[in-house]
Amino acid sequence: MKKLWYIVPALLGLAAGYWLWHYVLVGQKSARGYIPGDALLVVESTELQQPPTRLLPHQVQLTDISLLESAAAQLTRLQAALADSQVVNSFLREKRITYSLHSEGRDQLSFLVYIPLRTNADGPFLERLQKLVGNGVRAYRHTFDNVQLTDVVDAQSQPLFSYFLTKNYLIISQSGLLVENVVRQIKRITPPAKREKTNVLTSGTRLWFDQEKLGAFLPGLYQPPSGESALDEWLSGISVFNFSINEVRNLIRAESVDAQGEAPDALRVLNKQEPQAMGCTELVPNHTAVLYHVSVSDAEQLKSEVGRRLNDDLRTIREDLSDRFRVETDSMYNHLTGEAALCQMESSNLGRGGRVALVKIKNGRSCLDWLDYQAAKIHLEDKQPRYEETYGDYTIRQINAPELPALWLGRLFAGFPGSSYYTLLGDYLLLGSDVQALRTLLNDYRSGNVWSNAARAQELLRVARPAQFTAIATVDKSWYGWVGNVRSGWLASMERSEESLRRLNLWMWQSTFADGKFSTALTAMKGGGGTNPNLLRRLFLLKTIPLEKPLIRRPFVVKMSPNSPTEIFVQSVGNEVTQVEGGGRSPLKIALSGPLASEPLAVDYFGNGQTQYLLLAADRYHLLARNDSTRYELLSSNRFSPLAPGNYSLAGGPPGNQQQLTLADTEGQLYTLSKTERTLRRVNRLPAYSHVISPVQVLQLNGKPHLILLEGLGKLNLVNAFGQPLTAFPVVLKTRFDSPAFLETGSRESDVLLQIVSVQGELMKINLKGQMVERRQLFRASKETEFRLLLEKTGHDWLLTSITGNTLTFLDKQGKVLFVADNAPPASTTIEYYNFGADVRVICLTTNKGTWLYNLRGQPLTERPLTSKFPVVVRYAEQYNKLFLYATTDKALEVWTVKIR
């Protein structure tokens with residue numbers, strides 16, 4: 001009997017324990033107890049289920065963060081299934097809902113959502129949930145591990161979500177597999193997800209994440225491109241941050257303060273540098289996708305820190321430069337001062353980017369002389385050709401030393417694998433990873449298309465603080481570059497999320513050491529610029545400038561310097577060249593000897609670092625130049641043999657009063673312009689040429705200009721300034737051409753390729769040895785279809801077009817269709833392509849019905865076509881997000897604007 005006193009309480013205790021486990025630890029446990037242990041992050045929020053606030057396009061809310069939007073999107077599936085938003089909203093109101101993110105398979109991320117239940121209040125919702133049939137959806141119930149699960153599909157049998165109920169939670173997910181994992185978690189009592197430190201997003205939303213799991217997961221999602229492998233070393237280290245949306249709702253900001261010892265090791269290179277404000281924004285081009293900026297207040301300290309942390313590869317490069325070429329890379333620290341920045345130029349599915357380092361220096365001339373001397377020492381030993389060209393006002397040279405910026409500033413500035421191309425701009429030494437990247441920066445600088453004039457960039461920079469390290473990314477300009485490095489299995493997921501991921505399109509990361517603390521701030525800004533959607537695409541007439549006489553060619557719109565205003569010059573009947581201003585005032589008016597034979601050509605004629613414009617009349621050339629800060633003058637030459645009207649190209653030459661310039665026309669004729677005698681003489685006419693396709697491209701080889709001449713009948717030639725062809729040229733291609741060649745440059749001459757497309761649609765790449773590197777046929781719809789290469793206005797990008805009858809098709813470089821324009825008869829259609837940046841690429845299509853502007857998705861940028869006597873001139877102002885359009889009538893010049901984003 002005594003045994004029963006022991007056995008019965010023991011049995012009752014076991015029963016009570018089972019009841020306690022089942023109903024309290026299982027049925028009544030918190031959402032944390034249900035989360036499978038492989039969760040990458042966990043969010044708890046009382047806000048994400050709230051209906052979205054009505055905001056202006058540029059204002060931000062939590063769901064603008066793609067991750068949180070994806071979590072909240074699970075709840076919208078409930079509304080879609082029940083077709084009763086009032087019942088669903090009442091069910092979700094004021095609940096603290098938990099979301100956990102999991103990797104489902106190898107190429108999918110999905111959320112599990114844990115919604116707490118209230119005993120009585122949730123009855124109407126649960127009743128509706130159990131009776132989904134008849135609302136255009138169907139529910140399929142099945143048992144998994146003795147637990148009833150329900151899969152809900154829409155009218156097209158597409159999955160909406162799966163769910164099951166516990167005593168106190170509704171657990172749902174778009175993924176049925178993840179719901180089954182929760183059942184496994186309950187049955188097997190596996191360890192729940194590890195709880196990391198809380199990150200406060202807002203007062204009602206908190207986030208936890210597991211750094212170890214994220215660190216193991218991310219390499220499978222993204223492969224950093226060459227030269228960016230060091231970036232994670234600079235951005236790692238944050239464990240806890242506080243999150244806020246500012247009062248005007250245009251910025252999202254996350255901040256963290258840690259002990260100085262918590263800083264990433266790579267960042268400690270800068271911990272003794274004084275935080276500096278960013279002073280180089282007047283040089284940072286709008287083609288920049290990502291900018292990295294570091295402070296340099298103590299160059300000697302930087303030399304010590306960088307030298308100590310160089311990895312084995314960079315250390316080997318430095319030792320090789322020292323031992324083999326006697327290059328003293330450390331001497332550069334004698335010139336460094338203030339700051340250094342790296343511009344990662346935009347890369348897209350339509351073109352490649354590059355890198356340009358901006359290094360502030362004490363004495364430009366001294367630094368340039370030092371670098372020229374080091375380049376000459378390397379050249380003396382390796383015998384490799386050195387590139388040199390005059391590009392506008394700037395002389396670009398090459399130093400055959402790999403990863404030079406990284407040797408001075410650390411691995412973050414890697415990405416210059418073969419050599420660096422350099423020039424001087426004010427107080428900054430510019431080093432490009434390739435020639436085109438440097439040209440793009442100089443182009444943007446000269447036209448004022450820089451961050452200091454960009455409204456969105458300035459809005460973000462106003463909240464920036466002086467810091468040792470700053471990184472700023474423009475998502476629009478870096479999207480294609482990032483997607484290009486996503487592992488193939490994840491591409492579809494990234495493309496589906498493109499719109500939400502690009503919504504916050506400006507990101508700034510700043511790291512600062514001060515008072516023994518390491519502070520980090522991450523700031524995000526939404527795109528849109530506050531533009532009223534009703535104003536987009538609408539044409540506004542900014543001003544009408546009356547003309548005394550009708551024009552005989554399109555206006556010439558020019559900026560003489562980065563900070564000068566845009567100025568307009570026209571040539572009217574009587575061959576008068578006039579500078580026009582509002583109200584018809586003409587500060588400059590002069591009669592030429594005849595009509596201009598070509599578009600004006602930019603040149604540093606006097607070798608003084610300033611731009612002048614060469615105007616070619618029929619028998620005289622003229623030079624348009626500033627003589628002071630406000631006035632222009634026209635300097636004329638002696639008379640020479642008449643020039644035929646056409647499209648002339650300037651081959652250029654080193655600046656200086658004793659030098660000559662070479663020009664080429666579309667008939668294969670070369671001319672030498674003597675600066676001292678101020679004459680223009682024909683050198684010779686190249687034999688066996690009928691008509692060269694314009695514009696003639698210029699290639700610099702060994703510092704000397706060469707011209708790419710492509711004849712319509714299929715002859716490709718590469719000649720020097722005296723008409724002498726390069727070895728292996730001309731190349732006879734035995735096919736017809738009706739569009740120019742595109743010049744693809746690289747770090748070495750062997751990388752230079754000539755890209756051409758035949759009328760029949762053959763894409764060809766030819767190297768400087770005259771060898772066919774690539775030849776492939778584009779899809780040709782019919783025998784009548786003809787192809788052309790569409791060169792961008794500045795020559796640094798290109799597209800393809802094909803035309804069949806009156807149907808015009810635009811294609812990317814791979815031949816993929818971008819969009820189609822109907823009713824474009826070839827005889828009366830003019831096409832121009834402007835590339836103002838990855839997010840502002842404009843096709844200008846003119847027919848006899850007017851001029852339409854399109855983006856590369858084929859969307860019109862204007863509400864209607866613009867009529868103009870001559871082709872419309874297009875300019876872009878980043879600070880206003882506007883295109884400025886210059887149209888003409890017989891009596892006036894009209895300046896129109898259109899807001900495009």
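This is a short tour of a predicted model, stop by stop.

**The whole chain**

Start with everything shown. The protein has 901 residues, and buried residues make up 54% of them. Colour by secondary structure to bring up 16 helices and 52 strands. The protein exposes about 39,600 Å². Carbon and sulfur atoms supply 51% of that area. Now think about contacts. Among those with a separation of 6 or more, 57% join residues 24 or more positions apart.

**The largest cavity**

How many cavities of 30 Å³ or more does a search of the whole structure find? There are four. The largest cavity has a volume of about 90 Å³. To find it, select R553, R554, P555, F556, F569, V570, Q571, V577, L596, P600 and L615, which line it. Colour this lining by residue class. Eight of the lining residues are nonpolar, one is polar and two are charged. Strand 24 gives the largest share of the lining, with three residues.

**N575**

Stay with strand 24 and follow the chain onward. Strand 24 covers 567-572, and strand 25 covers 576-580. N575 lies in the loop between them. Is N575 buried or exposed? N575 counts as buried because its relative accessible area is 18%, and the cut-off for buried is under 20%. Show its neighbours next. Leaving aside residues up to four places away in sequence, N575 touches I552, I590, A591, L592, S593, G594 and P595.

**K526**

Select K526 in strand 21, which runs over residues 517-526. K526 is buried, with a relative accessible area of 12%.

**Q436**

Move to helix 12, residues 435-447, and pick out Q436. Q436 is buried too, at 16% relative accessible area. Which residues does Q436 touch, not counting those up to four places away in sequence? They are T745 and H796.

**The loops around strand 38**

The peptide bond from F729 to P730 is cis, with omega near 5°. Now select A728, in the loop between strand 37 and strand 38. A728 is not a glycine, but its phi is positive, near 80°. Why stop at such details? Most residues other than glycine have a negative phi, and most peptide bonds are trans, so these cases stand apart from the majority. A728 counts as partly exposed, with 43% relative accessibility.

K734 lies in the loop between strand 38 and strand 39 (742-744). K734 also has a positive phi, about 55°, although it is not a glycine. Is K734 buried or exposed? K734 counts as exposed because its relative accessibility is 77%, and exposed means over 50%.

**Two cysteines**

Finish with C367 and C844. C367 is buried, with a relative accessible area of 0%. C844 is buried as well, at 1%. A disulfide is a covalent bond between the sulfur atoms of two cysteines. How many disulfides does the structure hold? It holds zero.

Notes:
Residues are numbered from 1 along each chain as its sequence is written. This is a predicted model: local features need pLDDT of at least 70, side-chain atom pairs count only at pLDDT 80 or more; totals for chains, interfaces and linings use all residues. Side-chain values use heavy atoms; hydrogens and water are left out. Helices (H or I, at least four residues) and strands (E, at least two) are DSSP runs, numbered from the N terminus. Buried means under 20% relative accessible area, exposed over 50%, partly exposed in between (1.4 Å probe, protein chains only). Contact means heavy atoms within 4.5 Å. A disulfide is a pair of cysteine sulfur atoms within 2.5 Å. Accessible areas come from the Shrake-Rupley method with a 1.4 Å probe; for residues, only the protein chains shown count as cover. On a 1 Å grid over the protein atoms alone, a cavity is a set of points where a 1.4 Å probe fits but cannot get out, and a pocket is an open set with protein on both sides within 12 Å along at least five of seven lines; lining residues have an atom within 4 Å of a point. Grid points are joined across faces, edges and corners, and a volume is the space filled by probe spheres set on the points. Ala, Val, Leu, Ile, Met, Phe, Trp, Tyr, Cys and Pro count as nonpolar, Asp, Glu, Lys and Arg as charged, and the others, Gly among them, as polar.
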